[in-house]
Amino acid sequence: GHSGELERALGRLREGLALYEELGDESGIANMHRIMAAPLSMTGRLDEAADLLDKAVKLHRRLGQEWELGMALHIAGNLNLQRGDFKAARELLESSIELHRKLGDLHVAAHSLLSLAEISIKTGDFEQAVDLALESLELAWAHRGLLVVGACFGWLARAVSGLGDVRRAAIFWGA
């Protein structure tokens, strides 16, 4: 099943990490730490994933790898969102957005904005959630990231229904 595949993937990633460590390849080590975070968090090992992401962030930053750093910040932000640490999540996601905008990678920026919208909804700031989801929608639409576009409408519907605007919520759900 699914968890067996994740365990196999983790085993292979650990072998890769061991090779990079043997070679002293810091870039490879940082990439493996970042990549391993997803299967770890999917199998519920959030602390282990957070620890690896922390290492990845430090290495990518020191090596000047901006795109990789932005990705690590994005993943760490979503991990903290999953854990319910909204303050840490917001800071990490905002840093990721700043980097990805600078690099012109609007796809990841749109994703991070949507995660910020989710945090705003979960903390009851529906006005801010609408603004963030619309900003995400604009970026996603500009580069035809249709999966993100669809998710934006879902979060917009939740946000406006939180504001008590049932009619607009129905329109967003319909979209």
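A crossing of two helices is called left-handed when the near helix is turned anticlockwise from the far one by less than a right angle. I start my notebook with that, and with a reminder that this model is predicted.

**Entry 1: a pair of helices.** I looked up helix 2 (residues 26-42) and helix 4 (residues 66-83), and found them packed at an angle of about 25°, with their axes 10 Å apart. Angles under 35 degrees count as roughly parallel, so I noted helix 2 and helix 4 as roughly parallel to each other. Helix 2 passes helix 4 in a left-handed crossing.

Next I checked who meets whom. From helix 2 come N31, R34, A37 and S41, and they meet W67, E68, M71, A72, I75, L79 and Q82 of helix 4. Sorted by class, I read 6 nonpolar, 3 polar and 2 charged residues in this contact.

**Entry 2: the cores.** I then turned to the largest nonpolar core, which has 29 residues. L116, I119, V148 and L156 have the most contacts inside it. Helix 5 (86-103), helix 6 (106-122), helix 7 (126-142), helix 8 (146-162) and helix 9 (166-174) each give two or more residues to this core. Apart from it I found another core, of 17 residues, with L10, L46, A49 and L52 among them.

Leaving aside neighbours within four places in sequence, V148 is in contact with H107, A110, H111, L114, S136 and A140.

**Entry 3: a serine.** Is S112 buried or exposed? I found S112 in helix 6, and it is buried, with a relative accessible area of 0%. Not counting residues up to four places away in sequence, S112 touches H74, L93, S96 and I97.

Methods: Residues are numbered from 1 along each chain as its sequence is written. This is a predicted model: local features need pLDDT of at least 70, side-chain atom pairs count only at pLDDT 80 or more; totals for chains, interfaces and linings use all residues. Side-chain values use heavy atoms; hydrogens and water are left out. A nonpolar core is a set of buried Ala, Val, Leu, Ile, Met, Phe, Trp, Tyr and Cys residues joined through side-chain atoms within 4.5 Å. Buried means under 20% relative accessible area, exposed over 50%, partly exposed in between (1.4 Å probe, protein chains only). Helices (H or I, at least four residues) and strands (E, at least two) are DSSP runs, numbered from the N terminus. Contact means heavy atoms within 4.5 Å. Axes are lines fitted to C-alpha atoms, for helices over the stretch in contact, and angles run from 0 to 180 degrees between N-to-C directions. Angles under 35 degrees count as roughly parallel, over 145 as roughly antiparallel, 65 to 115 as roughly perpendicular and the rest as oblique. Ala, Val, Leu, Ile, Met, Phe, Trp, Tyr, Cys and Pro count as nonpolar, Asp, Glu, Lys and Arg as charged, and the others, Gly among them, as polar.
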